[in-house]
Amino acid sequence: MQIGDTIRARFMTLPEPFPGMGASIDKQYPVRRATVVYLHPKGRYIVAECKGVRETFFPEDVEA
């Protein structure tokens, strides 16, 4: 994984506006496409950006 790569991740800071009553986590926080903007030098975590929002993820929590 490198800076600028496109990944798929579940952004917990970007909920769906109207997921429906009793929505599961899959509907409330869908997997979104994002761009890697920072990669820890030892690969411990990454920072990804989607729609202007940045969030940190462990490498095992994202799909390349």
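In what order do the four strands form an open sheet? In this predicted model, the order is β1-β2-β3-β4, with antiparallel pairing. Strands β1 and β4 (53–57) stand at the edges; each has a single partner strand, so one side of each is left without a neighbour in the sheet. From one strand to the next, the twist averages 45°.

Strand β1 spans residues 6–10 and pairs with β2, residues 31–39, through five bridges in the antiparallel sense. Within this pairing, arginine 10 has valine 31 of β2 as its bridge partner, and arginine 8 is bridged to arginine 33 of β2. Strand β2 is also joined to β3 (residues 46–50), by four bridges, and these two strands run antiparallel. Here threonine 35 has glutamate 49, in β3, as its bridge partner. The two strands β2 and β3 form a hairpin with six residues between them. In the turn, glycine 43 has a positive phi of about 75°.

Arginine 32 lies in strand β2. Its relative accessibility is 11%, and arginine 32 therefore counts as buried, the cut-off being under 20%. The side chain of arginine 32 reaches the backbone oxygen of leucine 14 at a distance of 2.8 Å. When neighbours within four places in sequence are left aside, arginine 32 is in contact with Ile7, Arg8, Ala9, Phe11, Leu14, Pro15, Glu16, Cys50 and Lys51.

Methods
Residues are numbered from 1 along each chain as its sequence is written. This is a predicted model: local features need pLDDT of at least 70, side-chain atom pairs count only at pLDDT 80 or more; totals for chains, interfaces and linings use all residues. Side-chain values use heavy atoms; hydrogens and water are left out. Two strands pair if DSSP finds at least two bridges between them. Buried means under 20% relative accessible area, exposed over 50%, partly exposed in between (1.4 Å probe, protein chains only). A polar contact is a pair of N or O atoms within 3.5 Å; within protein, one must be able to donate a hydrogen and the other to accept it, and residues adjacent in sequence count only if both atoms are side-chain atoms. Contact means heavy atoms within 4.5 Å. Axes are lines fitted to C-alpha atoms, for helices over the stretch in contact, and angles run from 0 to 180 degrees between N-to-C directions.
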